[in-house]
Amino acid sequence: VQLQASGGGLVQAGGSRRLSCAASGSISRIGAMGWYRQAPGKQRELVAAITSRNGTYYLDSVKGRFTISRDDTKNTLYLQMNSLKFEDTAVYYCNAEIYRPGGQLPDDYWGQGTLVTVSS
């Protein structure tokens, strides 16, 4: 099983960016999924998460600007980021709890990270 994150890049402050994270491999179903970020010199933090029933969580600083969503038909997670700020600059990582065929408990998987740079 692999998670492939994409969509990072350079964007001006106030702009938008959409991140995607596609899961591939031997997958029975996917549980909770989330986006984390790590800025230079800082710890990794949870930005947004979504459950298998589409319950969502957002970091206070991104509420109203970011939207997390998932398409289970494509095993893909999204993060729509609007009104980007300089402080949103970070490497963004996706995470997913994935049930393998025949497995009773999920395994935890991480994407490789995609860099979002917001210029002020």
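How many bridges pair strand 7 and strand 8, and in which sense, parallel or antiparallel? The two strands pair in the antiparallel sense over six bridges; strands here are DSSP runs of E with at least two residues, numbered from the N terminus, and two strands pair if DSSP finds at least two bridges between them. The structure is a predicted model, in which local features need pLDDT of at least 70 and side-chain atom pairs count only at pLDDT 80 or more, while totals for chains, interfaces and linings use all residues. Residues are numbered from 1 along each chain as its sequence is written, and side-chain values use heavy atoms, with hydrogens and water left out.

Four strands form an open sheet in the order 1-3-8-7, with antiparallel pairing. Strand 1 and strand 7 (66-71) stand at its edges with a single partner strand each, so one side of each has no neighbour in the sheet. On average, neighbouring strands of this sheet are turned by 15° against each other, direction ignored (axes are lines fitted to C-alpha atoms, and angles run from 0 to 180 degrees between N-to-C directions). In general, strands of a sheet pair through backbone hydrogen bonds, either parallel or antiparallel.

Moving through the sheet, five bridges join strand 1 (residues 2-6) to strand 3 (residues 17-24). Strand 3 in turn pairs with strand 8 (residues 76-81) over six bridges, in the antiparallel sense; here Arg18 has Gln80 as its bridge partner.

Ser6, in strand 1, counts as partly exposed because its relative accessibility is 36% (buried means under 20% relative accessible area, exposed over 50%, and partly exposed in between, with a 1.4 Å probe and protein chains only). Neighbours within four places in sequence aside, Ser6 is in contact with Arg18, Leu19, Ser20 and Thr114, where contact means heavy atoms within 4.5 Å. From Ser6 to Gln43 the separation is 37 residues in sequence and 21 Å in space, C-alpha to C-alpha.

Asp71 has Thr76 of strand 8 as its bridge partner. Strands 7 and 8 form a hairpin with four residues between them. Asn75, in the loop between these strands, has a positive phi near 50° while being a residue other than glycine, and counts as partly exposed because its relative accessibility is 24%. Ser83 is not a glycine either, and has a positive phi of about 50°. Ser83 is found in the loop between strand 8 and strand 9 (90-99), and its relative accessibility of 41% makes it partly exposed.

Finally, the largest pocket holds about 200 Å³ of space. On a 1 Å grid over the protein atoms alone, a pocket is an open set of points where a 1.4 Å probe fits, with protein on both sides within 12 Å along at least five of seven lines, and lining residues have an atom within 4 Å of a point. The volume is the space filled by probe spheres set on the points. Among the lining residues are Arg37, Pro40, Gln43, Ser61, Phe86 and Thr89. By class, the lining has four nonpolar, four polar and four charged residues (Ala, Val, Leu, Ile, Met, Phe, Trp, Tyr, Cys and Pro count as nonpolar, Asp, Glu, Lys and Arg as charged, and the others, Gly among them, as polar).
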